[in-house]
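Biologist: Hey, I'm new to this one. Could you walk me through it, starting wherever you like?

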Amino acid sequence: MSAGHIRGRAHVYGDHIDTDAIIPGKYTKTLDLTSLAEHVLEDLDPRFRDALQPGDILVAGVNFGCGSSREQAPLALKAAGVAAVVARSFARIFFRNAINIGLPALEAEGADISPGDELVLDLAGGTVENLKSGRVVTATRLPPVMLDILQAGGLVEYLKRYGDYRLM
Amino acid sequence: MSQTLSEKIISAHAGRRVSAGDLVVARVDCAMASDTTAPLAIRAFGAMGGSRVWEPGRCVLVIDHAAPAPNERIANLHAMMREFAAREGCVLFESGEGICHQLMVERGLVRPGDLVIGADSHTCTYGAVGAMGVGVGSTDLAAVLLTGKTWLRVPQTIKIEVAGRLRPGVCAKDLVLRVLKETGIAGATYRSMEFYGAAVARLSLSERMTVANMAIEAGAKTGFVHPAGLELPYSATPALPDPDAGYEQTIRLDGDAIGPMLSLPHSPDRVVPVDDRVGDKVDLAFIGTCVNGRLEDLQAAARIVEGRHVHPGVRLLIGPASRQVFLEAVNDGTVAILAAAGATFIPPGCGPCVGTHNGVPGDGETVVSAGNRNFKGRMGNPRARIYLASPATVAASALAGHIANPLQTGCFEEQP
């Protein structure tokens, strides 16, 4: 796999998965990312944690990550080993948070993904390929500033590099 | 081109005239974080190479989400916030002073026309005073602490016009739940919401905060209540959208036709009239939070429970939104009425709304809450069910032991 590509197995969930489902509020008051990972998605699917292999891809429907601004939600996914999230749409704070911590989040429709399908994500090209079905769909293009942040590895790295925001 | 309020406010902070869809870097008036989000933001600030915050007097940290600390882990996170605030000279609100959004408005830290970035999703509450409050996560907030700026996409705006007037006993919460029934939980994603109309112009500042607070439950980036009729405790130039601004969509409702509403588990937009569920058993009743923990909310509850006692099968919890709210409620007798009726007061703060402490429901229990979210597990137990309602409906239900319509309590007379 070349740089900028992610290959992984899909875990598929539904619409409107809120941040309380991703990481319940009772676990969020911590700086220990491992403890966040232990509880990721536990109220939605208690088996997710054990089924997840590092590098797997989370696939969801519309409005993924709605609710709280807690950055612990994408941090829990990342710490658990999720390599990227593909959803039909995202709630805006989750989307910003994911990119800011360097967790790729792709908005793509019609990829027709079933649990266990192997996917290849091309981050620069913005495509989602389902190796099982051979189907390739184009993801919504990230605004240039978000692409820069993601390419830097997150907002911390971006600001370390540039010192300030740059808009094309 | 005429501008919506978010276009106007972002233009003023970006140094150029912008319209919906533009990407901008904007100057920020104030940055705010709570004990859920500040520790990660402080860590990210350090990792960015930050040593001094951009302007200490405009950086606000609030210990409210799990306050006073329920365990040593959280106590140490609070200590980290105190240490950072002392070192940097930031504004710090201690445990027990109140909920971040209440304090920001109550202490005049947010003013009409401001752009405030808050590491809490309910930062949209500031639209009640005509400020643009945008919720972000910890790393975005750290970037504001470092640079005093953020990047934004200028949002499209949905206009909500509510005509007429709310009937006595029908609350601002019922109005906003009724709107949520129209938009759904994602209907305003990436959008701004502007609330207009005669029914809205009659609302107090406290009620406007209730309305603006729940814009995020429709996915909105921010939400404003049009300043017509707004009374602020200080003099300020109101922030007004242009009269012929361009709106993506308009939702029109009749205020007189709105009755008490209820959100069913497990999503705030599963809204039905209270009458549809009268009789559903209730175990825990909660009045508080940034959406409904203000003096008027406590007074509405007191009016219903005065001289009576909550049902023996119900625990009624009250969490004042701030110490000032609590003091005012002590001084005007509201606290005595509620306590005599069997209510338990918890410290000013977010209380059980975030599932950490102060009244976590048990397995199989049903909660009627005046809060803003009822996602599964929200209050700390995924095996509990949460209904959202107005403080009046929560109080009426606490007396009855089941979901009850406050208009049937005899406490509210229809006005001619």
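Modeller: Leaving out residues up to four places away in sequence, B:Ala143 touches A:Leu155, A:Leu159, A:Tyr165, B:Met48, B:Gly148 and B:Lys149. Touching here is contact, meaning heavy atoms within 4.5 Å. This is a predicted model, where local features need pLDDT of at least 70, side-chain atom pairs count only at pLDDT 80 or more, and totals for chains, interfaces and linings use all residues. Residues are numbered from 1 along each chain as its sequence is written, chains are lettered from A and ligands numbered from 1 in the order in which they are written, and side-chain values use heavy atoms, with hydrogens and water left out.

Biologist: How confident is the predictor about chain B?

Modeller: Chain B averages a pLDDT of 97, and 99% of the residues score at least 70. That score is the predictor's confidence in each residue, from 0 to 100. The model also has an ipTM of 0.97 and a pTM of 0.98.

Biologist: Back to B:Ala143. Is B:Ala143 buried or exposed?

Modeller: Buried: the relative accessible area of B:Ala143 is 0%. The cut-offs are under 20% relative accessible area for buried, over 50% for exposed, and partly exposed in between (1.4 Å probe, protein chains only).

Biologist: And which element is B:Ala143 in?

Modeller: B:Ala143 sits in helix 5 of chain B. Helices here are DSSP runs (H or I, at least four residues), strands are too (E, at least two), and both are numbered from the N terminus. Nine of the ten residues of helix 5 of chain B are buried, so the helix is largely enclosed by the rest of the structure. Among the buried ones are B:Ser138, B:Asp140, B:Leu141 and B:Thr147. After helix 5 of chain B comes B:Gly148, with a positive phi near 75°.

Biologist: How many residues of chain B are in contact with chain A?

Modeller: On the chain B side 51 residues are in contact, and they meet 41 residues of chain A. About 4000 Å² is buried between chain B and chain A, with carbon and sulfur atoms giving 60% of that. Buried area is the accessible area (1.4 Å probe) that two parts lose on being put together, summed over both.

Biologist: Which residues of chain B lose the most area to chain A?

Modeller: Those are B:Leu40, B:Trp151 and B:Tyr190, which together make up 17% of what the chain B side buries.

Biologist: How many salt bridges cross the interface of chain B and chain A?

Modeller: Three. The rule asks for a side-chain nitrogen of Lys or Arg within 4 Å of a carboxyl oxygen of Asp or Glu. One joins B:Asp140 and A:Arg96, at 2.8 Å from N to O. B:Arg378 and A:Asp20 form a salt bridge as well, at 3.2 Å from N to O. This pair runs from the loop between strand 17 (366–369) and strand 18 (385–388) of chain B to helix 1 (residues 19–22) of chain A. B:Arg378 is buried at 4% relative accessible area, and A:Asp20 is buried at 0%.

Biologist: Last one: where is B:Thr210?

Modeller: B:Thr210 is in helix 8 (residues 205–213) of chain B, and B:Thr210 is buried at 1% relative accessible area.
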